[in-house]
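Subject: Structure for you to look at, with notes

Dear colleague,

I am handing over the structure below, and I would be glad if you would look through it alongside the notes that follow.

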Amino acid sequence: MKVIQCAAFGPPEDLRVEEVDDPLIQPGCVRVDVRACGVYFVDALMVQGLYQFRPTPPFVPGTEVAGVVTEVGEGVTGFSVGDAVMGAPGMNAFAEQAIVPVRALRLIPKGLSFAQASGFYQAYSTAYFALVHRARLQPDETVLILGAAGGVGLSAIDVAKAMGARVIAAASTHEKLELCRAQGADEVILYSEEDLKSRAKELSGGGVNVIYDPVGGDFAEPALRSVAPEGRYLVIGFAGGEIPRVPWNLILLKQCQVIGVNWGGWTMSHREENEALFASLREWMEAGRLKPVEPTLYPLEDLPQALRGLLDRKIVGKAALSLE
Ligand SMILES: NC(=O)c1ccc[n+]([C@@H]2O[C@H](COP(=O)([O-])OP(=O)(O)OC[C@H]3O[C@@H](n4cnc5c(N)ncnc54)[C@H](OP(=O)(O)O)[C@@H]3O)[C@@H](O)[C@H]2O)c1
């Protein structure tokens, strides 16, 4: 089968398509005939050796797949050959076949294409975990979402709107903001040109209740300064590359909470709660409350271009590899 091989840590352009033996099935796992793979910022970091988890090269990158079960390993219950599934094996996804542990596997909710499904599990679980579990966002509250046209940003717009909240989306280009509006954002901020703090305060009528920040860097301090008294600041990630250092007196003065969000880490110690979280997402999806965007599709061999597009902030919305 064909895979994308990371022979040594380096830029995405160094990745190569290789022909390798089919992987062996493992107990507690299923074999998935891959139809689509989510392409993530995390994948771009991992192949460069810049992610917190550093597999030893050579390895097959790729954190998430969608496809059809073709073989079921020893001890597996709940999945059968022919099921349409999506999974987050953590790596080995950029391949024609993937061996996925069932604890990281879900049946695809009705209404999702393979391409949409390939990017759904991590992005929507992160958004739901952050907004529902961590921030306890309320329907009469306003949430400011940074990097709102990226993977975890768009899913946060969708989840926040499903919760009845008011959404202010911030992104760097007009095209990205148009997509945020189409996803349901009530207001938008072009943070590459507009002053983030003053616009967020103005659009929220004095202060934002919840900040959802997957970007960090120079946007963190103005975002924190726009938070309402007793608001919540969700630390999701650092796509901007810099871990922010903010003046702590702002936290005291605003009496706000800064809340860490690590959905992947949480799932390790909260398996049952994570099952319940996904059951809610499935219910919302199948009831028509969520509308995940269709990703931009690339063939397997064009993964380097897709990853470069993410690193250069050129991708509007989600990206996925299509193997159909
Ligand atoms: N905490 C968790 O549980 C969790 C779960 C999943 C992902 N994450 C993290 O969340 C972050 C975003 O992931 P994602 O999948 O949404 O990524 P993405 O699709 O690439 O979106 C990231 C967004 O960040 C903005 N950005 C600002 N500066 C950037 C820079 N220098 N390089 C690239 N993007 C930049 C871009 O929007 P603009 O151009 O509009 O600024 C981009 O759309 C990552 O750091 C990831 O590790 C955390």
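**An exposed glycine and its neighbours**

Gly82 counts as exposed, because it has 8 C-beta neighbours inside 10 Å; by the definition used here, a residue is exposed if 12 or fewer other C-beta atoms lie within 10 Å of its own, buried if there are 20 or more, and partly exposed in between, with C-beta atoms placed from the backbone. Please keep in mind that this is a predicted model, in which local features need pLDDT of at least 70 and side-chain atom pairs count only at pLDDT 80 or more, while totals for chains, interfaces and linings use all residues. Residues are numbered from 1 along each chain as its sequence is written.

Gly82 is found in the loop between E4 and strand E5 (84-87), where helices (H or I, at least four residues) and strands (E, at least two) are DSSP runs numbered from the N terminus. Leaving aside residues up to four places away in sequence, Gly82 touches Val68 and Val69, a contact being two residues whose C-beta atoms, placed from the backbone, lie within 7 Å. The C-alpha atoms of Gly82 and Thr70 are separated by 6.3 Å, although these two residues are 12 residues apart along the chain.

**The chain as a whole**

The protein chain holds 11 helices and 15 strands. Its radius of gyration is 20 Å, close to the 20 Å that the globule rule gives for 324 residues, so the chain is as compact as a globular protein of that length; the radius is taken over C-alpha atoms, and the rule is 2.2 Å times the number of residues to the power 0.38. Taken along the principal axes, the box filled by the C-alpha atoms is roughly 60 × 40 × 35 Å. Of the 324 residues, 48% count as buried, and among contacts with a separation of 6 or more, 68% come from residues 24 or more positions apart.

**The parallel sheet**

An open sheet is formed by 6 strands in the order E10-E9-E8-E11-E12-E13, and the pairing is parallel; two strands pair if DSSP finds at least two bridges between them. Strand E10 (187-190) and strand E13 (257-260) stand at the edges with a single partner strand each, so one side of each is left without a neighbour in the sheet. From one strand to the next, the twist averages 20°, with axes fitted as lines to C-alpha atoms (for helices, over the stretch in contact) and angles running from 0 to 180 degrees between N-to-C directions. Within this sheet, strand E11 (residues 208-213) is joined by 5 bridges to strand E12 (residues 227-235), which runs parallel to it, and Val210 has Arg232 in E12 as its bridge partner.

**Two helices with a buried side**

Helix H10 (residues 271-286) has 16 residues and reaches 22 Å from its first C-alpha to its last, close to the 22 Å expected at 1.5 Å a residue, where the expected span is 1.5 Å times one less than the number of residues. In H10, Leu277, Leu281 and Met285 are buried. Seen down the axis, the buried residues of H10 fall within an arc of 75°, so they line one face of the helix; the arc is that of the directions from the helix axis to the C-beta atoms. These buried residues pack against helix H3 (120-134), whereas on the other side of H10, Glu272, Glu275, Ala276, Ala279, Ser280 and Glu283 are exposed. Just after H10, Gly288 takes a positive phi of about 80°.

In helix H11 (residues 303-311), the residues Leu303, Ala306, Leu307 and Leu310 are buried. They cover an arc of only 95° around the axis, which puts them on the same side of H11. The partners against which they pack include strand E1 (2-5), strand E3 (29-39) and helix H1 (41-47).

**Backbone details in the loops**

Arg313, in the loop between H11 and E15, has a phi near 60°, a positive value in a residue other than glycine, and is partly exposed, with 17 other C-beta atoms within 10 Å. Arg136, found in the loop between H3 and strand E8 (142-145), has a phi near 50°, which is also positive, and is exposed, with 12 other C-beta atoms within 10 Å. Finally, a cis peptide bond with omega of about 0° joins Pro57 and Pro58, and Pro58 lies in the loop between H1 and strand E4 (64-72).

With kind regards
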